[in-house]
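Let's look together at how two chains meet. Keep the structure open as you read.

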Number of protein chains: 4
Amino acid sequence: MTVHNEALRDHACLIVHGPDQPGLVAAVTALVTRNEGNIVSLDQYSDNPAGGEFFQRVVFHRPDLAAATPDIDADLTATLSPYGVSWKLTDQSIPKRMAILASTSDHCLLELLWRHRRGELPVTIPMVISNHTNTAEDVRTFGVPFFHVPSQGPDKSDAEAKILELVTGNVDFVVLARYMQIISEDFLDKVGVPVINIHHSFLPAFIGAAPYRKAKERGVKLIGATSHYVTKELDEGPIIEQDVARVDHSMTAADLQARGAYVEREVLARAVQWHAEDRVIRSGNHTIVFT
Amino acid sequence: MTVHNEALRDHACLIVHGPDQPGLVAAVTALVTRNEGNIVSLDQYSDNPAGGEFFQRVVFHRPDLAAATPDIDADLTATLSPYGVSWKLTDQSIPKRMAILASTSDHCLLELLWRHRRGELPVTIPMVISNHTNTAEDVRTFGVPFFHVPSQGPDKSDAEAKILELVTGNVDFVVLARYMQIISEDFLDKVGVPVINIHHSFLPAFIGAAPYRKAKERGVKLIGATSHYVTKELDEGPIIEQDVARVDHSMTAADLQARGAYVEREVLARAVQWHAEDRVIRSGNHTIVFT
Amino acid sequence: MTVHNEALRDHACLIVHGPDQPGLVAAVTALVTRNEGNIVSLDQYSDNPAGGEFFQRVVFHRPDLAAATPDIDADLTATLSPYGVSWKLTDQSIPKRMAILASTSDHCLLELLWRHRRGELPVTIPMVISNHTNTAEDVRTFGVPFFHVPSQGPDKSDAEAKILELVTGNVDFVVLARYMQIISEDFLDKVGVPVINIHHSFLPAFIGAAPYRKAKERGVKLIGATSHYVTKELDEGPIIEQDVARVDHSMTAADLQARGAYVEREVLARAVQWHAEDRVIRSGNHTIVFT
Amino acid sequence: MTVHNEALRDHACLIVHGPDQPGLVAAVTALVTRNEGNIVSLDQYSDNPAGGEFFQRVVFHRPDLAAATPDIDADLTATLSPYGVSWKLTDQSIPKRMAILASTSDHCLLELLWRHRRGELPVTIPMVISNHTNTAEDVRTFGVPFFHVPSQGPDKSDAEAKILELVTGNVDFVVLARYMQIISEDFLDKVGVPVINIHHSFLPAFIGAAPYRKAKERGVKLIGATSHYVTKELDEGPIIEQDVARVDHSMTAADLQARGAYVEREVLARAVQWHAEDRVIRSGNHTIVFT
């Protein structure tokens, strides 16, 4: 059964994305109004008002939203098709289903579980999957199902197949919460939902493995973390959020890693929240984030 | 003669403020569209979608804006009067005229002059007025007229009268860039334009004089600065922007003051820019800032 | 039985505090050397090199520290008494015992328990005491004893007596992790160990109750948190650490509170760590923090 | 004639650097004491207390420092030679002589000149050298000599020869304040003093030209600046300081550049101040910065 968020009952989020044209904002707002919606928030961005790409996010309240949705959908098709733009209408009261993949590190995993318990992440968490068992007890404390899918050996296809079996049809997006296995192109092709990763460096600095060791070697004065959508190009996907922390010469690579963990959990939690709230629009290798 | 900013030619900014009602956003965007405007950016906020206060800022491009303005004004009156909201339409290509009042400190004054020369502040600066002469040479380097209005003695009414004479009718707002004289209620009544101040503390901490000395005495670990509109209640006006800097036990009150100067100039410059771009809406003792 | 930290085995921390005099640093470092210690880190501060107050923290490694301590103590007395300064020598491998007092909010409490489990806080936690029971299950997951001491009614003396009974002789310091009861002067007199609090505002702004509501009313653009030692003057004790987060007009008082929780847990955790590592020296209503 | 800073009269800074050994700190502090110095500040760092590299910075006050310096030098040789460490003793009241090289951008150049006039940089500025003339007027306002050394054409050897002629023997370090010419290895060999650069990205991200354009293409959420010592490997020298600023999808590459200018001037000014105060010790491709 779907969990509904009472405060967001009858709130819809409409994302519009396509070529910018005069009158587009007015067309959307008029559509909302004639469908008895009251606009709660509206964000828009055009990368070039003279013929660029247009992005819009409108949240509106409409009593009996579920009953009205077929009519609104039909009106959207009639109204927006001539503009050649795409759109997506979601019911904000239906939380997205999020799978978390983790390894031994617990800081990102527990942060997500804890923020969810506080009611700060509009998601449900049908499963945590880990290739280790050390976090199983903690995860169960939060009342979330824990699945152990080991990934020994060079061939990860068995593990990936099991993960696909667990997530397919059951989740709306997947979060890699310091999951220390490379995701194959094949997995990305099959999973069919967005995959969000947290990389433990300030991308594009220190791409690849062991970024804290590389940061120590280079002698940087700030370390960072980056949350991004996973694409077939490793560490090259669209960036959702980044942040940094100050470090100094006295810190070892292990100190950087310990300090960086606090940046990682914060950056990932923000990215997950924005994604869950439909605040992130992907465009090529970029993101538009309406915070 | 008015300086015009070429990049903002034919761009209008419309501010709407009043009781929130269904259909208001659609009414405004439809109005812009039927007056041949193309919306470049749109920000809105309602402090309570069910009957709260509504704030909106729309920037739109409209060829031959000046010629069309009377028609747009008439349409605004016809369209928005029924909603009981207030509005203000400004031509973004006409920079606001800003007077700067200063004393001996040069850091806020020079920052504003320098950012203006870089083209980052959409204002003209018809005058700098100071109760000291030490910055006169620097100000003239920037090609800005400098007026010395001394303010000796306990009675400031003569000085204020001279300042009023200089600014009345000549400026759209006044900036106190570390002007170390208390502004009288009488001056505020007469000046008739917004007055922006930079206070050298993180308000409401350390209200009044000598905030860096008080900060040292209290042993705080961060110092701050606050830019606000000046009202008759000293240091109590609506806050536009604030920021802080980290300090430690080893710093003297003079060190705090030197460090704080960098926060002050940054906070004041941001507040001035946002005000000049019509991004700040006052509401009671608060500001809505659409950045 | 005392838990020992292997990495800090045979490490001593020496704090020296008193009137600054020529030769004091040399006297201390010579003492360490002749007692076969190797200085690992040394921090010092004088609020006025010409006759001010002097603060020093020296960490040194000395094989068989426990056996050598009586001799070092005797040498300290002989060497430093003539200078009229006070000193304190601690074995860094013996973690301080910390009691946590909490109420319904879990964010500061869980952050301390979790950082402790990660090995980032050099303390033992013999007890968590709460006037509510909602966090009992979580606390037990961390293997820490939980005591429920209710505090109904206006007279808190019974509750305080029970807390004193639990902590007396069993802990080296007490942390108020969003404990929502006023601590009496009598309790402070009797407890005999430092008490660290986290206040949910950027002190001295918004002293007293409901700081997030007051922050909303004043329209500030940053909110903050302050960790300080508790003294008989409410919210006036020496500040150990502070930090802030950016907020805007669209956030309600409840939003500020939710956002502020992340600042609170971070600020408190840093203050606790620095206190546990003997990095904080109190001097009047100030702290010297050697980070 | 050398400018002396009154507040730092008779203050010496001693830097010690070499293999860590027991007793080294005590040997240095005893030396200062027997030479009648009073230690004002002391910082030290060892990258491994068991046989690593040791770095120390001691500032002490010694009446009639100039007269005592030969004796102190002799004592340093006698005392520290057996330890196999290197040392450097400088008179803090003698400011370092700094040449600034600039191109058309004025933000870093003016920041250094202005901070120097405020008394915040302990340097003298015998010359500004630019390959353009647009900043000449501003530089002269600060009473600093301006030299125009054009650098047309692919062969920069003439321009570099002229710069070497100007700086050789006249300055203690060179600052590239957004100087947009590649410095040749030959120049570095001949100049014989440290050269500090400001790179307009968060190194090692976006090495090379046009970092703001690359940052826009990658869609980062923070931009940065890095000040480093120049070495023969372009953009690979030891980092002194870094900082970042938050950006978003709506900003163009030009916006990033305008925003980044404020980070650049702040980062470069801090690096220059620390270098001028002998707070930065180079070790391989790293820096130890005692702030």
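Across the interface of chain A and chain D there are six salt bridges. One of them joins D:Glu241 to A:Arg246, and their closest N and O atoms are 3.1 Å apart. Keep in mind that this is a predicted model.

**Polar contacts and the parts that touch**

- Between chain A and chain D, 22 residue pairs are in polar contact.
- On the side of chain A that touches chain D, helix 7 (211–218), strand 11 (239–246) and strand 13 (286–289) each supply at least two residues.
- Strand 11 of chain A gives the most to this side, with seven residues.
- Sorted by class, the side of chain A that touches chain D has 14 nonpolar, eight polar and ten charged residues.

**How much is buried**

- Chain A brings 32 residues to the contact, and chain D brings 32 residues as well.
- About 2,700 Å² is buried between chain A and chain D, and carbon and sulfur atoms give 56% of that area.

**How the two copies are related**

- The same surface serves both copies, as 100% of the contact residues of chain A recur in chain D.

Methods:
Residues are numbered from 1 along each chain as its sequence is written. Chains are lettered from A and ligands numbered from 1 in the order in which they are written. This is a predicted model: local features need pLDDT of at least 70, side-chain atom pairs count only at pLDDT 80 or more; totals for chains, interfaces and linings use all residues. Side-chain values use heavy atoms; hydrogens and water are left out. Contact means heavy atoms within 4.5 Å. Buried area is the accessible area (1.4 Å probe) that two parts lose on being put together, summed over both. A salt bridge is a side-chain nitrogen of Lys or Arg within 4 Å of a carboxyl oxygen of Asp or Glu. A polar contact is a pair of N or O atoms within 3.5 Å; within protein, one must be able to donate a hydrogen and the other to accept it, and residues adjacent in sequence count only if both atoms are side-chain atoms. Helices (H or I, at least four residues) and strands (E, at least two) are DSSP runs, numbered from the N terminus. Ala, Val, Leu, Ile, Met, Phe, Trp, Tyr, Cys and Pro count as nonpolar, Asp, Glu, Lys and Arg as charged, and the others, Gly among them, as polar.
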